[in-house]
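My entries follow the order in which I looked.

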Amino acid sequence: MTPERWQEIKLVLGAVLERSPEERASFLNQACGHDELLRAEVESLMAHKQPGDSVVNSLGMYQELGALDAAEQQGSDDESTLESYQRIGPYKVLRELGHGGVGAVYLAARADDQYRQQVAIKLIRRGMDTDFVLRRFRNERQILAALDHPNIARLLDGGSTENHRPYLVMEYIEGVPIDTYCDSHRLSTEERLKLFQQVCGAVHYAHQHLVIHRDIKPSNILVTKESAPKLLDFGIAKLLSPELAAQTLDHTGPSLRLMTPAYASPEQIRGQPITTATDVYSLGVLLYELLTGHHPYRVQSHVPLELMQAVLGKEPTRPSTAIMTTETSPGPDGSASIRLTPESVSSTREGNPDRLRRSLRGDLDNIVLMALRKDPQRRYASVQQFSEDIRRHLARLPVIARGDGLAYRTSKFIRRNRVGVAAATMILFTLVGGIIAVNQQRRRAERRFNDVRQLAHSVVFDYHDAIADLPGSTPVRQRMVRDALKYLDSLASEASNDQGLQRELATAYRKIGDVQGNSNMANLGDTTGALISYRKSLAIRQALTQSQPDNKELQIELAESYERIGDAQRTTADVVEADKNYQHAIGLLEKASTGDSSQQRRLADLLYRVGNLKGYPRTANLGDTKGALEFHGRAQVIRESLSAANPNDINLRIDLAESHRSIANILAAASNDLTAAEPHARQAVSIAQSLVSTNHTSARTLRVLTEAQDALARLLMLNGQTTGALEVCLKSLETAERMLAIDPKNMQARQDLASGHTLAGNICTKMGDGKNALRHHRESLLMNQAITADDPTNEAAKVWIGQNYLNIGSAFAETHNLQAALGSYQQAVTIFEGLRQKKPGGIQAIQFVARAYDKLGETRLKLGDLKAALESLRHSVEFAEQSLARDSANDIMRRLVAVTYSNLGEVRSRLAAQRKAPESERNEQWLEARKAYQRSLDLFLDLRDRGVLTKEFYDKPEQVTLKIAACDAALRHHGDTIQTQAGMR
Amino acid sequence: MDAGPPTITQLLVQWSNGDQQALDQLTPLVYDELRQMARTYLRRERPDHTLQATALVHEAYLRLVDQHSVSWQNRAHFFGIASQMMRRILVNHALARATAKRGGDAEKLSLDEAISLASQREVDLISLDEALNELETLDHKQTRIVELRFFGGLSIKETAEVLKLSPATVKREWETARLWLRRQIAK
């Protein structure tokens with residue numbers, strides 16, 4: 001291509017782009033005339049207009065070339081003024097309060113005038129509204145909204161405008177910046193300190209909630225008419241900066257976009273981890289300014305680089321010295337300078353320079369400089385400690401910050417104790433560091449003891465939970481666990497003779513195991529790692545119980561380790577080992593739990609779990625129905641006596657109802673003893689019913705009730721009592737509806753409702769009521785579709801939708817509407833194929849695909865569309881064989897395949913019987929039909945020999961044998977014909 | 001204070017006012033800073049470093065320039081030179097990393113070989129750079145527009161200011177250049 005040619009192409013291309021898609025073709029005809037090559041070029045370029053093409057989509061640049069445009073479009077309203085924002089969400093904008101790096105701030109009120117409360121709304125600038133930020137936004141908002149402190153402006157709400165710009169709604173504070181307030185009220189040093197302490201209280205509160213402010217400065221602290229300081233924008237800096245967010249995760253990457261250089265700490269400038277010590281530093285700058293009127297560093301300009309160099313390299317002047325100097329500081333807009341003299345700064349403070357100097361010299365110099373140390377580890381370990389030192393100063397007590405020597409030793413000590421942490425995360429640094437420093441007076445053993453406790457309890461555990469829902473937090477969570485384990489391992493090797501510490505260590509290992517892979521809570525899905533940690537905890541506890549065999553508490557803790565190991569093994573379906581470990585736990589608790597009702601309850605839980613492990617239908621189990629019933633029986637006895645002793649404890653009654661329900665299900669499904677099962681199911685229903693009707697109506701009790709009713713309905717259906725089954729089932733649906741009414745977003749209730757309708761549909765089918773069956777299956781489908789619409793990631797609901805279509809297809813087939821059945825089965829095939837392709841290894845999807853194709857083929861066979869039927873059935877057997885090859889123990893699948901092969905034989909023999917086909921083809925079809933029937937027969941016989949063939953299929957082997965005989969006869973006949981034909985030639 | 005060498009801010013204002021000498025003085029200052037920042041940044045191997053490139057340029061601007069005394073046009077000019085530098089820094093880095101993987105035989109490494117050794121991300125960057133080089137032979141103006149938009153993160157309006165074009169022209173040129181680049185990259 002030549003530059004000239006490109007100019008031509010570009011001209012036409014640009015013009016085409018400006019036209020609407022409908023006009024483009026005719027314009028292109030006109031513009032290109034006979035120049036076919038020009039036209040081809042333009043069209044080939046236009047083909048790259050739509051991103052999403054799978055071939056080129058793998059190239060990141062390709063997408064990014066488009067990403068800029070999205071930002072541009074959203075930014076087009078950036079220059080727009082207030083007029084375009086008369087409303088933000090449900091708020092009416094009253095006026096603009098200010099404009100900052102992050103965006104504009106407006107004063108607003110709720111548009112519905114429901115509350116006349118005025119609020120401040122921060123509207124976020126364009127470019128900050130990437131998906132990533134928006135997701136963070138939602139997560140963080142909850143954390144920030146939970147900050148409830150009299151000196152913190154509350155985050156009230158948040159959302160995004162119609163053009164997707166996120167906004168934050170905050171309590172509107174009428175007040176003046178803290179520095180202006182102090183000066184205009186001519187507050188003395190002592191008064192300033194007291195006000196400052198209130199600020200510290202608020203920051204400390206936030207730190208306890210794991211929120212770091214990151215941008216503390218006078219304009220973010222307003223003092224109200226009631227003289228109360230209020231901190232604004234807590235955690236907002238982090239919320240709005242993807243770089244900063246990433247920084248907390250892998251603490252890398254410098255970013256200055258959202259901090260104010262004059263108050264930024266050295267670590268912020270260097271792009272190092274941000275910790276609570278960062279806020280200590282910024283508070284130090286603030287205190288410096290409040291006390292002296294000067295900035296800690298002499299800066300001549302507003303150029304951030306110079307300021308930053310000073311923050312990194314210069315030592316701040318002592319406050320008592322700074323006030324005696326004269327300084328011309330640049331004004332806020334670079335022109336009008338402010339002249340600071342000893343007289344000017346003291347006039348708004350202590351009156352004269354000497355008094356001011358005396359108030360600052362000594363303690364306050366030391367306190368402020370300690371907060372301003374370059375090395376975060378050498379500052380105050382916490383804001384609370386900082387504030388406490390001010391209190392001590394005000395009370396004329398000796399302060400921590402007196403000499404550098406002692407403080408330096410403290411920090412050395414901190415570092416010494418961090419050897420085990422090697423590459424610890426910033427989280428560990430801050431919190432553990434803080435704890436160590438606070439406890440520095442105590443004995444070494446006790447200190448370490450607290451380290452472990454702190455580490456296990458709050459650092460890993462709470463912090464992990466706090467960040468577990470954040471997208472992309474997995475790497476840092478993994479790292480936290482890795483570091484914590486390193487730390488624990490080093491402590492374990494040192495502290496073998498300290499039993500108290502050993503005990504805490506075991507607990508810490510257990511908690512880490514939970515974080516790694518306890519499926520009952522947010523975890524990292526690392527079951528193997530969890531097992532290792534649990535085993536470490538077990539080993540310690542075993543040693544401890546051996547040395548103190550009579551210590552009940554130790555035995556209970558040992559039982560806990562066994563229990564956790566069992567839980568982990570259960571999630572990996574290692575039922576044999578899980579059973580063993582649970583039994584160990586049971587053995588220990590049986591001795592240790594006497595007289596302790598909470599441990600008795602745990603014992604019953606374990607017995608219940610073992611019961612399920614041994615033989616709860618439709619889950620991975622040991623196939624030991626007798627054992628299952630025995631353990632469930634023991635659990636039931638304990639639960640009954642506990643419940644009798646504490647009749648008002650609804651949890652115990654819920655437990656008891658669940659025992660009865662499980663026993664009913666096991667009796668019904670596994671041992672087929674419907675008569676014995678029914679009383680248990682009824683008992684479960686009755687307990688749950690009484691809970692619900694005696695003021696304990698909650699989502700939980702309703703769920704127990706609907707499950708019990710569901711179990712009873714299933715049981716009655718299996719027992720042929722379809723009318724009774726339907727009645728109970730409809731009640732169960734009613735219960736689920738109530739659950740949903742209490743909490744319309746309750747996913748569990750929706751799922752229960754969907755599965756309840758499926759059961760009702762199945763019962764109707766049994767009753768021969770195809771019309772109502774169809775209605776229930778459709779209800780279930782609608783519910784499942786609603787579930788996936790709300791949560792597109794819910795894969796399970798997609799499986800149910802596929803099953804709904806299968807059921808709907810069957811209901812249509814029952815009512816002889818084969819065309820409609822065909823459509824439903826096709827839908828089912830599409831859905832299951834989609835799932836299978838998404839998860840190529842998933843066996844469940846393969847099984848469902850096989851089933852759906854089988855139904856589709858069967859219906860096509862009934863409709864007489866043999867070619868299409870053949871195709872579907874061949875797909876079905878292909879997937880069914882795949883699934884059997886991987887899960888040979890699945891007899892339900894085996895039966896399905898047997899039926900499918902017999903259908904396949906049927907299709908083949910009917911194709912073979914068609915006279916218009918050539919002889920050789922027909923012969924081939926007979927052979928294939930025979931093969932299919934033979935495979936079907938083998939499978940049926942295998943099932944019947946092992947006694948697992950149900951009644952309705954019992955005669956199948958004989959029927960199939962007859963078919964094979966028919967094939968053989970046809971083949972002999974054809975063989976003769978072919979030979980005859982050959983002979984005639 | 002006035003005795004010292006002119007600050008980056010002053011140079012920027014002078015250059016925007018048409019002083020070409022100011023640009024000569026400005027360029028090495030900005031380049032050094034950018035390269036240093038980019039080095040710290042790239043060492044961390046962030047997978048998303050091209051979009052971060054615009055953030056880096058932005059950050060360099062915040063660090064070097066007193067925003068109280070410049071206009072948005074000055075800002076656009078700063079970004080104008082920084083974006084070109086950023087492109088070189090990023091592509092050099094990608095190639096260097098590819099070379100390092102191969103064992104440091106830098107001189108003999110052809111671009112094809114480099115690509116085969118680089119990560120997907122770097123391949124993208126290298127292929128974008130390649131495509132831009134080809135576009136350069138066809139249309140210099142468009143290449144500049146892509147640099148400003150892609151590596152500098154400038155808006156249409158800002159790009160128009162730097163290149164002294166109308167925003168409508170910039171928009172049209174950007175859109176057609178983008179289609180051409182996409183086709184080139186996809187080849």
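The entries below go from the whole chain to single elements.

Entry 1, conventions. I am working with a predicted model, in which local features need pLDDT of at least 70 and side-chain atom pairs count only at pLDDT 80 or more, while totals for chains, interfaces and linings use all residues. Residues are numbered from 1 along each chain as its sequence is written, and chains are lettered from A and ligands numbered from 1 in the order in which they are written.

Of the 985 residues in chain A, 46% are buried; a residue is buried if 20 or more other C-beta atoms lie within 10 Å of its own, exposed if 12 or fewer, and partly exposed in between, with C-beta atoms placed from the backbone.

I looked up nonpolar cores, meaning sets of buried Ala, Val, Leu, Ile, Met, Phe, Trp, Tyr and Cys residues joined through C-beta atoms within 7 Å. The largest has 132 residues, and Ala708(A) and Ala852(A) touch the most other members; its largest share, 10 residues, comes from helix α31 (residues 699-718) of chain A. Another core, of 77 residues, lies apart from it and includes Ile121(A) and Tyr288(A).

I then checked α31(A) against helix α33 (residues 747-766) of chain A, and they pack at an angle of about 15 degrees with their axes 11 Å apart, where axes are lines fitted to C-alpha atoms, for helices over the stretch in contact, and angles run from 0 to 180 degrees between N-to-C directions. α31(A) and α33(A) are therefore roughly parallel, since angles under 35 degrees count as such, over 145 as roughly antiparallel, 65 to 115 as roughly perpendicular and the rest as oblique.

Among the buried residues of α36(A) are Leu822(A), Tyr825(A) and Phe832(A).

Ser593(A) sits in the loop between α26 (575-592) and α27 (597-615) of chain A, and I log Ser593(A) as buried because it has 22 C-beta neighbours inside 10 Å.

Key. Helix = DSSP H or I, 4+ residues; strand = E, 2+ residues; numbered from the N terminus.
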